[in-house]
Amino acid sequence: PNTHLCLHPVYGAWISLRAVVVLDLSSTDTCHHPRADNASVSSTPPCPLPSPLSSAEVAQAQHALEEALAATSTAQASLCETLHGSKNNNSDDKKDPWRAWVKLRDVVICGREHRFSEP
């Protein structure tokens, strides 16, 4: 499902990534670097994991994603200012666009007990 969420099996959508490495390799590419434990490295990519989301969660997430994209695409400021506010912006406003992105994460049932606290 195209929800643009990175989901952890325990923490759900409530994780923070410092970096992500994406490699564009075909299934015929092989690893030419031996592993430290001398184990063989398969050139076949692993099978995709099944989605942990129910069909209802997927539908809700897709709707929440559309709302979040709409909330940030209409903003005139930079994305950072839109999501985090500027020095002159009152972040107590309930219409802050970042709340739409939190709503997207809130759709996921798995990991709700690990939800980040509000600012």
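**Close-up 1. Trp101 in helix 3.** Trp101 is found in helix 3 of this predicted model. With a relative accessibility of 28%, Trp101 counts as partly exposed.

**Close-up 2. The contact of helix 1 with helix 3.** On the side of helix 1, the contact is formed by Ala61, Ala64, Leu65, Glu67, Ala68, Leu69, Ala71 and Thr72. These residues meet Ala100, Trp101, Lys103 and Leu104 in helix 3. By residue class, the contact of helix 1 with helix 3 comprises 9 nonpolar, 1 polar and 2 charged residues.

**Close-up 3. The aromatic pair of Trp14 and Phe116.** The count of aromatic pairs comes to 1. The ring centres of Trp14 and Phe116 are 5.2 Å apart and the ring planes stand at 75°, so the pair is edge-to-face; the cut-off for this class is over 60 degrees. Trp14 belongs to the segment before helix 1 (55-73) and Phe116 to the segment after helix 3 (98-106), so the pair ties together parts that are 102 residues apart in sequence.

**Close-up 4. Accessibility of the two paired residues.** Trp14 is buried, its relative accessible area being 6%. Phe116, by contrast, is partly exposed, with a relative accessible area of 35%.

Methods:
Residues are numbered from 1 along each chain as its sequence is written. This is a predicted model: local features need pLDDT of at least 70, side-chain atom pairs count only at pLDDT 80 or more; totals for chains, interfaces and linings use all residues. Side-chain values use heavy atoms; hydrogens and water are left out. Rings of Phe, Tyr and Trp (its six-membered ring) pair if their centres lie within 6.5 Å; planes under 30 degrees apart count as stacked, over 60 as edge-to-face and the rest as tilted. Helices (H or I, at least four residues) and strands (E, at least two) are DSSP runs, numbered from the N terminus. Buried means under 20% relative accessible area, exposed over 50%, partly exposed in between (1.4 Å probe, protein chains only). Contact means heavy atoms within 4.5 Å. Ala, Val, Leu, Ile, Met, Phe, Trp, Tyr, Cys and Pro count as nonpolar, Asp, Glu, Lys and Arg as charged, and the others, Gly among them, as polar.
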